[in-house]
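Subject: Structure handover

Dear colleague,

Please find below the structure that I am passing on to you. My notes on what was found in it follow directly after.

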Amino acid sequence: MAFRGKEMMKKIMRKVGENNLSPGVKESLKKCIPDSKIVMNRAKRGLYAGKHIQFGNRVSEDGGNKTRRTWKPNVQEKRLFSYMLDRHIRVKVTTHALRCIDKAGGIDEYLLKTPYHKMDTEMGLLWKAKIEKLYEELGQMEVVFFTPEQEAKLEQEFKDLKLEQRAARREIRRQIYGGGSSKQMQIEEGNADSRGTDNAAAFFAERSPHHEDVPEWLVANS
């Protein structure tokens, strides 16, 4: 465990240098740094939403004897989808953090709405800074609107592209595996033989309707 705010402030002062800071910056930094006193080390690798280890006493029923004990938060490993990153994020979260994420409307909204001084884990601060940067870049992008005809044309082009990719993959597999499996080739050869036998039987049947000059094996198969 570590005393969160003091250690983070000391680390920043050590890296930046207290003499290099302009007046008033130190006070503004303190507002951004989490104000929680004690944080578990494993909380640096997840989203805990302020739920950390707690200390207390276990009181016996008979004599009222007190024994020191701890309460640890309920931590789960979840895959949360981020629309800003367009992928799933595997992260350790508490059940309280999951309820907060559901209430906010998603992991992106939770990271954007939660202020820095309440984001008391290093992973939370990292993801919050990353999501805010992506959100700022998204706000600077130009928005283009399409007419329904253009949307239908784009959709058809995407479908044609998928069909071309599927045909290209099928052709590559055919080249790699030599035109298909042996079982499929046997089936195709059997179908070709049966078609040839039917054609021969029909030819002899036209010449001799009563099967006088037709071989027995063709008569049986006709």
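This is a predicted model: local features need pLDDT of at least 70, side-chain atom pairs count only at pLDDT 80 or more; totals for chains, interfaces and linings use all residues.

Strands β6 and β7 run antiparallel and are joined by 8 bridges. Here, helices (H or I, at least four residues) and strands (E, at least two) are DSSP runs, numbered from the N terminus, and two strands pair if DSSP finds at least two bridges between them. Residues are numbered from 1 along each chain as its sequence is written, and side-chain values use heavy atoms, with hydrogens and water left out.

The sheet is open and consists of 3 strands in the order β3-β7-β6, with mixed pairing. Because β3 and β6 stand at the edges with a single partner strand each, one side of each has no neighbour in the sheet.

A separate pair is formed by β4 (residues 54-59) and β5 (residues 66-71), which are antiparallel and joined by 6 bridges. These two strands make a hairpin with 6 residues between them, and G64 in the turn has a positive phi of about 75 degrees. Within the pair, F55 stands opposite T70 in β5.

Which residues of α3 are buried (under 20% relative accessible area, with exposed meaning over 50% and partly exposed in between; 1.4 Å probe, protein chains only)? They are A97, L98, I101 and A104. These residues lie on the same side of α3, because they cover an arc of only 130 degrees around the axis, the arc being that of the directions from the helix axis to the C-beta atoms. R99, D102 and K103, on the other side of α3, are exposed. The buried residues of α3 pack against β3 (46-47), β6 (75-82), β7 and α4. Just after the helix, G105 has a positive phi of about 110 degrees.

Leaving aside neighbours within four places in sequence, L80 is in contact (heavy atoms within 4.5 Å) with residues including V93, L98, I101 and I107. I107 lies in helix α4 and counts as buried because its relative accessibility is 6%. Although I107 and L80 are 27 residues apart along the chain, their C-alpha atoms are separated by 6.8 Å. Not counting residues up to four places away in sequence, I107 touches L47, L80, F81, S82 and I101.

Finally, some totals: the chain has 8 helices and 7 strands, and buried residues make up 23% of its 222 residues. Among contacts between residues at least 6 apart in sequence, 45% join residues at least 24 apart.

Yours sincerely
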